[in-house]
Amino acid sequence: MLDAMIYALPFLLEGLWITVVVSILTVSISLVAGLALGCALVYGPLPLRLLVRIFSDTIRGIPILVLIFFVYYGFPAIGIDFDSFWAAVTALTLFKTAQVIEYVRGAVASIPRGQSEAAMAIGLTFSERLVSVIFPQALRRFLPPWINGVTDAVKGSALVSLLGVTDLMYAINQVIGRTYEAMPLYVLGAVIYFVINFSLSTLSRRLERRFSFVQA
């Protein structure tokens, strides 16, 4: 069992690198897009709010596996060709963006209306109210669920192996095909995923404790 793990480790580390790259791309792009669309959902004009709401509800209502296959097989039908890597990243990013939109909406909506009214009373402009009053408080409510969502993104990245992307999960299956020893390799893979996600979960709990108080 130990010999199989030692043999597999170099291959798994190569796959882990792909997992990390997919996760970083997904989290980074979805954060930027989700923040922009989340603010549009809260403060945008009605037509834009409706479009964002339809996007968010539709994407979150589709199982992520179905979304991955839809992007990979469906987008070429409308002239958008992706290789397996970018199809997987696109699908995961769409799903994660829809979640970030809801994190932003919930965080901003949780700020008491009196905070904005008080800022307006002292003469702050709309942008100044957002930057100086609303967003700093909303950040406290946004960070913990977002960090938890990052762990979901890491776990969801395992699905890219279904498109032939050589991530950690795909590397495990490749080595199993050579060694015919499944259990030790799945155990090793589970340990690697656990270490990554446990670290992120620990960070999330610390953020929750750090930002647990709520200003009225």
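The model is predicted, so local features need pLDDT of at least 70 and side-chain atom pairs pLDDT 80 or more, while totals for chains, interfaces and linings use all residues. Residues are numbered from 1 along each chain as its sequence is written, and side-chain values use heavy atoms, without hydrogens and water.

An unreviewed UniProt entry places "domain: ABC transmembrane type-1" at residues 16-204; such annotations may be inferred rather than shown by experiment. Over residues 16-204 the chain is 82% helix and 0% strand, where helices (H or I, at least four residues) and strands (E, at least two) are DSSP runs numbered from the N terminus.

Thr 26 sits in helix α1 (residues 2-43). With a relative accessible area of 2%, Thr 26 is buried (under 20%, 1.4 Å probe, protein chains only). Beyond its neighbours within four places in sequence, Thr 26 is in contact with Val 89, Leu 92, Thr 93 and Lys 96 (heavy atoms within 4.5 Å).

A pocket is an open set of points on a 1 Å grid over the protein atoms alone, where a 1.4 Å probe fits, with protein on both sides within 12 Å along at least five of seven lines; lining residues have an atom within 4 Å of a point. The largest pocket has a volume of about 320 Å³, the space filled by probe spheres set on the points. Among its 14 lining residues, Tyr 43, Ile 111, Arg 113, Ser 116 and Ile 134 are the closest to its centre.

The second largest pocket holds about 180 Å³. Helix α6 gives the most to the lining of this second pocket, five residues.

Note on methods
Buried < 20%, exposed > 50% of the residue type's maximum accessible area, 1.4 Å probe, protein only.
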